[in-house]
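Hi,

Here is the structure I promised to send over. Have a look at it first, and my notes follow below.

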Amino acid sequence: MNAFTPFQLLLFHRDIAFSKTALDQGIDGLIVDFENKGKTARQVGFDTEINFHTLNDLDAVRTLSDAHILCRINGSENRSDQEISDVLNAGADEIIVPMIRSLDEAKAVLDAVTGAARITLMVETSQALGIVTQLCTLPVDRIYVGLNDLMISRGSATIFEPLIDGTLDEIRADIADANGVQFGFGGLTLRGQGDPLPVQYLTDELARNRADFTFLRRSFYRDLGDQTVGDVLCQMRTDIAAARARDATQSRIAFDNLKAAVCEMGAVHSA
């Protein structure tokens, strides 16, 4: 597996003009998102990221540059046999596999890709939580914990429960034993923003758990305002670096503050 650059920030594609600007100003990768079949019904009542990209979007993004392009495909229950072939033929560098429930599902994607693209597996079901160790033995590049669907699968009161109940720490420990597998979760937006949980708490946890990447959340587009993408990305990386530089006592204080904030908010239904 090829090494990734330190702490990657990945952005969901919206429109060509903005995506080109983001690439020019330092975003680490663009995500074209095919995962929508069955997702609206699954996530009804939750404020989540649902896109309706097509091969035309992937083709258009691919022509922008030689930047790293990721494509999230549909889950196994809603994916046609042709979908992976189409994504590979359109030039995706990395395939994101959602809603993993078994080792066989992951292996099936790896067999279909045959090394033609990197692979990110999303841990966002109760079943996937039980097989993280086995998933990490596969030739995959990243594990990403999807907090929204994990909340739905587990019947949790808040999407932030895995941040405070030890779930992320356990997954991180499993991944630490794997050779070169990258770890990510959650999503970031601009400093000072974030609802219902201020983004600095997620920044602190990404640093404490030695995460290697994250997605920029849906509200990033709204929160950006008149700031440049490049300036904001620099700010995010600076904040991550500062949080990583904390000593054990400072990290524990930040975690205790997070736990108190999550416990105070009760049921939460947005990312």
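A quick word on terms before the details: a residue is called buried when its relative accessible area is under 20%. Keep in mind as well that this is a predicted model.

With that cut-off, Phe 183 is buried because its relative accessible area is 0%. Phe 185 counts as buried too, at 0% relative accessibility.

The aromatic pairs come to 7 by count. Another of them is Tyr 144 with Phe 215, which is stacked at 4.1 Å centre to centre and 20° between the planes. That one ties together distant parts of the chain: Tyr 144 belongs to strand 6 and Phe 215 to strand 8, 71 residues apart. Tyr 144 is buried at 6% relative accessibility, and Phe 215 at 5%. Ring pairs also join both of them with Phe 12 and Phe 213 in a cluster. Over the face of Phe 213 you'll find Arg 142, 4.7 Å from the ring centre.

Now for strand 5 (residues 118-123), where 6 of 6 residues are buried. Arg 118, Thr 120 and Met 122 point one way, while Ile 119, Leu 121 and Val 123 point the other. Strand 5 runs parallel to strand 4, joined by 4 bridges, with Thr 120 as the bridge partner of Ile 96. It also pairs with strand 6 in the parallel sense, again over 4 bridges, and there Leu 121 partners Ile 143. Finally, strand 4, helix 5 and strand 5 form a right-handed β-α-β unit.

Cheers

Key: Residues numbered from 1 in each chain as written. Predicted model: local features only at pLDDT ≥ 70, side-chain atom pairs only at ≥ 80, totals over all residues. Heavy atoms only, no water. Buried < 20%, exposed > 50% of the residue type's maximum accessible area, 1.4 Å probe, protein only. Helix = DSSP H or I, 4+ residues; strand = E, 2+ residues; numbered from the N terminus. Pairing = 2+ DSSP bridges. Right-handed = clockwise from strand over helix to strand, strands pointing away. Phe/Tyr/Trp six-rings, centres within 6.5 Å; stacked < 30°, edge-to-face > 60°. Lys NZ or Arg CZ within 6 Å of the ring centre and 35° of its normal.
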